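Dear colleague,

Please find the structure below, with its sequence.

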Amino acid sequence: MIKENVVTLQHFVSVEELTNEEVLALLARGEEFKAGAKFEGLEKQTFACNLFFENSTRTHNSFHIAECKLGLDVMEFDVSTSAVSKGETLYDTILTLGALGVEVCVIRHNQEHYYEELIKSPNIDCAIVNGGDGSGQHPSQCALDLMTIQEEFGTFEGLKVAIVGDLFHSRVARSNMQMLKRLGAELYFAAPEVWYPSEEFDQYGTYLPIDEIVDKVDVMMMLRVQHERHDGTVFLSKEDYHRKYGLTVERAKRMKPTAIIMHPAPVNRDAELADELVESEQSRIVTQMTNGVYVRMAILEAVLRGRNCLK
Amino acid sequence: MIKENVVTLQHFVSVEELTNEEVLALLARGEEFKAGAKFEGLEKQTFACNLFFENSTRTHNSFHIAECKLGLDVMEFDVSTSAVSKGETLYDTILTLGALGVEVCVIRHNQEHYYEELIKSPNIDCAIVNGGDGSGQHPSQCALDLMTIQEEFGTFEGLKVAIVGDLFHSRVARSNMQMLKRLGAELYFAAPEVWYPSEEFDQYGTYLPIDEIVDKVDVMMMLRVQHERHDGTVFLSKEDYHRKYGLTVERAKRMKPTAIIMHPAPVNRDAELADELVESEQSRIVTQMTNGVYVRMAILEAVLRGRNCLK
Amino acid sequence: MIKENVVTLQHFVSVEELTNEEVLALLARGEEFKAGAKFEGLEKQTFACNLFFENSTRTHNSFHIAECKLGLDVMEFDVSTSAVSKGETLYDTILTLGALGVEVCVIRHNQEHYYEELIKSPNIDCAIVNGGDGSGQHPSQCALDLMTIQEEFGTFEGLKVAIVGDLFHSRVARSNMQMLKRLGAELYFAAPEVWYPSEEFDQYGTYLPIDEIVDKVDVMMMLRVQHERHDGTVFLSKEDYHRKYGLTVERAKRMKPTAIIMHPAPVNRDAELADELVESEQSRIVTQMTNGVYVRMAILEAVLRGRNCLK
């Protein structure tokens, strides 16, 4: 066990690079922050910079709030008015921010594994926190999802979790299935066949129609239909998608009474999920957002410790 | 009378929902802030978020400054890089911000009455401050206009106020005519006929040509020609508009020596107003901007009190 | 000499308006900040606003950090969502910000000498700091370049400095050649003939092919090929530009062992400069960025003193 939930990280880019102990300690630290634990404080004035090359509301704003709560000076990097518009690369941008004295860069980028070049370079002088890389990983979303599940059930061991929807394009699915399996959960996948990459996913769980899953699992984790990552060909109408693959009101009635509904949001209401389920009793979608702030505080604290920025 | 100008509001969305006492107490509190009054302080770290779906310089920046002066942590919501670009609704956006812990959202939106759905929902956990809704209301602009008039004349009772220009599209006109009438002022309207919705406005004041008004009133409140709300058909050139409906240098000479010129800005110089009048002795346009910061501090304080955020 | 590096400025818009003593005192103050000197502090809560009408990463973010380090409340003016999009002029925008209580505006604008109208007006109530005006001046870049050279060589007297590349469009070149000459350096220019405005530049230095310069000088100051200021006609491929006018690895080998490489960045790698030289031992490009923060603190401190904002 990690003592007093003190995790030290150089970067936070993918769940694969974290031990189970580190993940659990981050969740525990997130709960401490949620319960009102005081942050020990920064050694001196410290700058964080958020660089979102893809649209975001939740991840972006919750990192912003988490940074403010840790007393960081927050810089919002506006991609469209930066030298990126003159053709400057991500590498040269981060090299610059490090040279200016920024300690942590939170980055969302459409290129998978964008962070590898950055964390390998001896000249990049700041910590990288991955806010999502293309269809790759979304490790801070994974952390908040785990925190929400753990709050509910106390454990992951033997828990039955369904991940439902656009598995192919989902970085949330990739991060979550790896961590949930490692932590002892049993996974089920439901998805249109074209969105189910069996070679990649079969090793993690069982692929079944949603109707054979919905009454068995403890967690219905619905994924967003990511229109922005598709090539424009819509193979199903919203209504058809909802009827065939979505969590309808009828299906929700078959859920175990103790089971919960999750979604990384933004929700396409009445597509992945019936409109009335979003804010329903069994939904933890709002709780997920709230937890995101606290677990991101824990993540940032860990990389700030890695940078020797803490008191 | 409201004791010591202590106003408590759940939201601040429209002048119709405020009593005269509340409005006057907000103005008085604005004057206190302008005179250097200390703000009592926030109970704990508190977040405000500004969401401007329509362009703004004055309202946006003056809310930002007012928020900083109250010690709030200010978040600027960038619509173009948020999940709104993925189709997320305003409702789900504000639901999210509330879940993240934001206490106050200042919103400008092109949809009239956008706020009704928000303030009715039991799940939206933050105060809404209206920074302008389409051609509906602009209540914080109204408050700063009233503050500027009261500073000048000490009272509204019997004051003669002309509102001149694009009345049809003006949320400023709508908010101001209601409040000014309620506070005892006498209203005059001058406008091109196509921009004068007589059914709505006749009950509030008298419609007359500008030349029959300019020498009688205490306040010449000029409205902006809102090209961005028109359908592209310009019925008059700038020069013709100025000559027929604008405050020309010649007309300004006929004003009472004690009368003042107001404009919500941005001014189309030499359209609504002769260029040299904008920063002239009788103009209060710059004062209006300055007052905006202080009265918005009073407004924010009132909703923060409603959220139990004050010490 | 200026006592204890205490410079007082009303505005900071062009190197021509600064004495040598003022420039040297700003550099010395920058070094003090870099060495950890404490800033004496602001009299009261003070607002700075950054208005970048042209893209920027380094200048923008380093002013932002410098402002935060001085304890200023920083506002980022988003041009695209401001009333500028409704046609409001720069003059009226700055008039507004001054009326709202902003003390310092840092402005980058594509119009040369944009600042003249602002600093002449009696109604503009804030200090102007020029972050670059079209192809005119870039005085804060000049200051950080001088700081970097002085750190290296201790003096400017007799120093041989080459400025190489797109001299015609470069505000960096214009600011630097004036100041370097005034401070006693000897200048050399290398550039494609179409980018060498001999009438303007001949009085400041000697125009020679890069191969006749590279082994003689102490500083190789490479300029960015500013595609964004060209009219679309590319007269040379990147490879040809590099071979004829760039600092190739071969040319770099002929440099004096004590000579340094500078570039305002963003670098077009393998155009102005070979990729492997950017982060090489002789390069001071990263140091330039770091120094930018500290010298901008000195500049801002000087104008804040001019506004009576300091303790």
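Contact, as the word is used in this message, means heavy atoms within 4.5 Å. On that basis, 23 residues of chain A are in contact with 21 residues of chain C.

Some conventions apply throughout. This is a predicted model, in which local features need pLDDT of at least 70 and side-chain atom pairs count only at pLDDT 80 or more, while totals for chains, interfaces and linings use all residues. Residues are numbered from 1 along each chain as its sequence is written, chains are lettered from A and ligands numbered from 1 in the order in which they are written, and side-chain values use heavy atoms, with hydrogens and water left out.

Arrangement of the chains

Chain A and chain C

The size of an interface is often given as the accessible area lost when the parts come together. Here buried area is the accessible area (1.4 Å probe) that two parts lose on being put together, summed over both. Between chain A and chain C it is about 2,000 Å², with 55% on carbon and sulfur atoms. On the chain A side, Lys86(A), Ala99(A) and Leu100(A) lose the most area to chain C, together 32% of what that side buries.

Two salt bridges (a side-chain nitrogen of Lys or Arg within 4 Å of a carboxyl oxygen of Asp or Glu) are found across this interface. In one of them Asp92(A) is paired with Arg269(C), the closest N and O atoms being 2.6 Å apart. Helices (H or I, at least four residues) and strands (E, at least two) are DSSP runs, numbered from the N terminus. Strand 2 (73–77) and helix 3 (90–100) of chain A each supply at least two residues of the side that touches chain C, and helix 3 gives the most, with seven residues. That side of chain A divides into twelve nonpolar, seven polar and four charged residues; Ala, Val, Leu, Ile, Met, Phe, Trp, Tyr, Cys and Pro count as nonpolar, Asp, Glu, Lys and Arg as charged, and the others, Gly among them, as polar.

Chain B and chain C

In this pair, 21 residues of chain B are in contact with 23 residues of chain C, and the area buried is about 2,000 Å², of which carbon and sulfur atoms give 55%. The interface has two salt bridges, including that of Asp92(C) with Arg269(B), whose closest N and O atoms are 2.6 Å apart. Helix 2 (58–69) and helix 10 (285–306) of chain B each supply at least two residues of the side that touches chain C. Helix 2 of chain B gives the most, with seven residues. This side of chain B comprises six nonpolar, seven polar and eight charged residues.

Annotation of chain A

An unreviewed UniProt entry lists residues 10–151 of chain A as "domain: Aspartate/ornithine carbamoyltransferase carbamoyl-P binding"; UniProt positions are given in the numbering used here, feature names are shortened, and annotations may be inferred rather than shown by experiment. The span is 40% helix and 18% strand, and its end C-alpha atoms lie 27 Å apart.

With kind regards
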